[in-house]
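Try each one before you read its solution.

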Amino acid sequence: MKKIYTGKTKDVYLKEDGNYLLKFKDDVTGTDGVFDPGANTVGLTIEGAGKAGLRLTCYFFEKINKAGIPTHYISADIDQQTMTVRPAKLFGKGVEVIIRYRAVGSFFRRYGTYCKEGQTLNGYVEVTLKDDARNDPLITEDALDMLGIMTREEYKVLVDLTKKIGQIVKDELASKGLELYDIKFEFGRVGEDNHVALIDEISGGNMRVFRNGEFIEPLELEKIILG
């Protein structure tokens, strides 16, 4: 296999059959040693985070596939911390999509004049560009279309899928007595028809989850959901 990308939390390899292998690491995003799913730097290393993230990712991807929502997921090897996925074309150099159910993190930092921290949000969806040098700037539907990053139709599909997937994750967490505050997804174009599909991962490192007002760390989250 040929290594084609070294990421903050995963490395990517090209397999001989044209599919890709994602190797999960124990690094998580954050700042100054504090975990933050919205950060664009590696903040700390948590032993076991890679395997926990992969186990949770497989769990949710299989649920999402069963719901008829398109993803790039094929299979996984938990012991090797690897996941096999279909090829996906990024929107531009990559976009991230966040759905927010509570006003926390960067949302509160931006809009705190108009809301209280932790205020309930009705599944607010926002899109950011993957651009570390520019601190992953927010971008609107108009700008995405004007800059040729994605079409308006693709944007509408992306928002619709985000709400459906977010609800699946939110409901699953609620069944365990947990509340999802926000979660970050990635999407790309998959298949010969370039349909919009969920890519990357769904793990504790991509979401803020609380129980009775107490933040649940990524490793603890995996234990609660999967036992």
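**Exercise 1: H1 against H4**

H1 and helix H4 (residues 152-174) have axes 11 Å apart and pack at an angle of about 125 degrees. The model is predicted: local features need pLDDT of at least 70, side-chain atom pairs count only at pLDDT 80 or more, and totals for chains, interfaces and linings use all residues. Residues are numbered from 1 along each chain as its sequence is written, and side-chain values use heavy atoms, leaving out hydrogens and water.

Work out how H1 lies relative to H4, and which residues make the contact.

- Step 1. Helices (H or I, at least four residues) and strands (E, at least two) are DSSP runs, numbered from the N terminus. Axes are lines fitted to C-alpha atoms, for helices over the stretch in contact, and angles run from 0 to 180 degrees between N-to-C directions.
- Step 2. Tyr59, Phe60, Lys63 and Ile64 of H1 touch Ile165, Ile168, Val169 and Glu172 of H4 (contact means heavy atoms within 4.5 Å).
- Step 3. Sorted by class, that contact of H1 with H4 has six nonpolar, no polar and two charged residues (Ala, Val, Leu, Ile, Met, Phe, Trp, Tyr, Cys and Pro count as nonpolar, Asp, Glu, Lys and Arg as charged, the others, Gly among them, as polar).

**Exercise 2: H1 against H5**

Now do the H1 and H5 pair, whose axes come within 9 Å and cross at roughly 40 degrees.

- Step 1. That makes H1 oblique to H5.
- Step 2. From H1, Ala49, Ala52, Arg55, Leu56, Tyr59 and Phe60 meet Leu219, Leu221, Glu222, Ile225 and Leu226 in H5.
- Step 3. The class count for H1 with H5 is nine nonpolar, no polar and two charged residues.

**Exercise 3: the pocket lining**

Which element gives the largest share of the lining of the largest pocket?

- Step 1. H1 does, with five residues.
- Step 2. By class, the lining of the largest pocket splits into 20 nonpolar, 13 polar and 16 charged residues (a pocket, on a 1 Å grid over the protein atoms alone, is an open set of points where a 1.4 Å probe fits, with protein on both sides within 12 Å along at least five of seven lines; lining residues have an atom within 4 Å of a point).

Definitions and conventions:
Angles under 35 degrees count as roughly parallel, over 145 as roughly antiparallel, 65 to 115 as roughly perpendicular and the rest as oblique.
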